[in-house]
Amino acid sequence: LMLLQGVAGLRIFGADLLVMLREARVGMPMMAYLLAKDLAALFEITLGSAVFTAVYGSASGAQIGLPKLFAGTWGFVYCVF
């Protein structure tokens, strides 16, 4: 899970670093920029967590409920992203 989501999370500060520096030079508050990037990534984080939870929950026979599994997966993917 970490390898899959880590690769997806690289683009947040990969090629987008130049855009962030450009916005900083013209005076845009960086806190607002980073908050907007975080909010924009929430959909992808939630979707990735839901897919992993559905596949892992059905294939593994885990003894944990799906809501708890989703919450743990979502928190982990959010931290990796």
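Predicted model: local features only at pLDDT ≥ 70, side-chain atom pairs only at ≥ 80, totals over all residues.
Residues are numbered from 1 along each chain as its sequence is written, and side-chain values use heavy atoms, with hydrogens and water left out. Local features need pLDDT of at least 70 and side-chain atom pairs count only at pLDDT 80 or more, whereas totals for chains, interfaces and linings use all residues.

Me: At which residue does H3 bend by about 35 degrees?
Reply: The bend at a residue is the angle between axes fitted to the seven residues ending there and the seven starting there. In H3 the residue with this bend of about 35 degrees is Ala41.

Me: Is Val55 buried or exposed?
Reply: Buried means under 20% relative accessible area, exposed over 50%, and partly exposed in between, with a 1.4 Å probe and protein chains only. Val55 lies in helix H3, residues 30-60. Because its relative accessible area is 53%, Val55 is exposed.

Me: How many aromatic pairs does the ring rule give?
Reply: Rings of Phe, Tyr and Trp (its six-membered ring) pair if their centres lie within 6.5 Å, and planes under 30 degrees apart count as stacked, over 60 as edge-to-face and the rest as tilted. By this rule the number of aromatic pairs is two.

Me: Why does the pair of Phe52 and Tyr56 count as stacked?
Reply: Phe52 and Tyr56 are four residues apart in helix H3, and are therefore separated by about one helical turn. Phe52, at 28% relative accessible area, is partly exposed, and Tyr56 is likewise partly exposed at 39%. The ring centres are 5.5 Å apart and the planes of Phe52 and Tyr56 lie at 10 degrees, so the pair is stacked.

Me: What is the distance between the ring centres of Trp74 and Tyr78?
Reply: Trp74 and Tyr78 both lie in helix H4, residues 66-80, four residues apart, about one turn of the helix. An α-helix has 3.6 residues a turn, so residues three or four places apart point the same way. The planes of Trp74 and Tyr78 are at 10 degrees, so the pair is stacked, and the distance between its ring centres is 5.3 Å.

Terms used: Helix = DSSP H or I, 4+ residues; strand = E, 2+ residues; numbered from the N terminus.
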